[in-house]
Amino acid sequence: MLFSLCLFSQWTYNGLSIVAPSNEINSSHWSSALETNFNTACLMPYAYMRNGSDVIFDHERQYWGESDKGTREMVQQAKKLGLKVMLKPHLWIMPNTFTGTLTFEHSERWKTWAASYRKYIYHFAEIAEEEKVELFCLATEMESLWAEAPEEFEQLIEGVKKRYSGKLTYAANWDEYKRFPFWNQFDFIGVDAYFPLDKNHPTKSWNSIQLEMNAISDSLNVPIIFTEIGYRSIDDPFTKPWESYDNNTVNHTAQLKAYDAFFKTFIDDKHVAGAFIWKWFMGHFRKEGLSTTFSPQGKPAEKLLRKYYK
């Protein structure tokens, strides 16, 4: 059952994308995140593949937070703290290949690979059901899968719905969401919102994007959720906000300006059910290592979150 758009007088999901901890954590490690006033934790149990291999997950060499045990314990910790949860399995293609361009020469190879991917997604859909997770994201930025092998993607949707009874979304890349043909099978239009913005007038850029997004939402009667939104603390986080590896000068003010433009545009938009900030680290981490990253932790942008996530 889809939501009626008019229900969203305020966001349902004030979210943080929680980086899977390498080592076991407990409820005390959530304290700094709770200070942002967030109400929904996005947990991301990554899987990986290399050189066209099948999908590998819950491997002994992965982080604790990516394992079955760690995922379940983090869901349980979040719920005990009164938080909602979105479970969002991610695929990491080594070496550093964008998931949306994954391709195989033959349809039979697509079928073989897609079967291994479905095994991964179904596994965590079952965990989401057992742990009573509120929201499940069945794939992230997988355009080549739905575009080149649509029958395999449809099978993925059908299989997840047989295993999971909660709210369902897909995380489309910012330049993909308008082409995605399956939104009418989901509860939310999920967008990883790394849209290029005018660095001098970011709010004006967002206003144009907002009009397009709301028109699609209205036409489908499906609300929007920002499955990822984030900006690095660098001089120009606006022009290519998806870039994460280039060297750049630390600039917390520019990050603050970028986040503020986003929130001012969408915080009162009734088409929008919420957003998940990319990203937040739990447990032990070196704060000085976060200086130019997407994380708002320990920066002026963290105080901004408290303002909007009230």
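Visitor: Which residues of α7 are buried?
Guide: Ala-254, Gln-255, Ala-258, Tyr-259, Asp-260, Ala-261, Phe-262, Phe-263, Thr-265 and Phe-266. Buried means under 20% relative accessible area with a 1.4 Å probe, protein chains only. This is a predicted model: local features need pLDDT of at least 70, side-chain atom pairs count only at pLDDT 80 or more, and totals for chains, interfaces and linings use all residues. Residues are numbered from 1 along each chain as its sequence is written, and side-chain values use heavy atoms, with hydrogens and water left out.

Visitor: What do they pack against?
Guide: The buried residues of α7 pack against α6 (202–220), β9 (224–229), β10 (272–281) and α8 (300–308). Contact here is heavy atoms within 4.5 Å; helices (H or I, at least four residues) and strands (E, at least two) are DSSP runs, numbered from the N terminus.

Visitor: What caps the N-terminal end of α7?
Guide: Asn-251 does, with a side-chain oxygen 3.1 Å from the backbone nitrogen of Thr-253.

Visitor: Switching to the core. Which residues have the most contacts inside the largest nonpolar one?
Guide: Trp-113 and Leu-138, in a core of 105 residues. Such a core is a set of buried Ala, Val, Leu, Ile, Met, Phe, Trp, Tyr and Cys residues joined through side-chain atoms within 4.5 Å.

Visitor: Which helix gives the most to this core?
Guide: Helix α3 (residues 107–130), with eleven residues.

Visitor: And what does Leu-138 touch?
Guide: Leaving out residues up to four places away in sequence, its partners include Tyr-117, Phe-153 and Phe-186.

Notes
Buried means under 20% relative accessible area, exposed over 50%, partly exposed in between (1.4 Å probe, protein chains only). A polar contact is a pair of N or O atoms within 3.5 Å; within protein, one must be able to donate a hydrogen and the other to accept it, and residues adjacent in sequence count only if both atoms are side-chain atoms.
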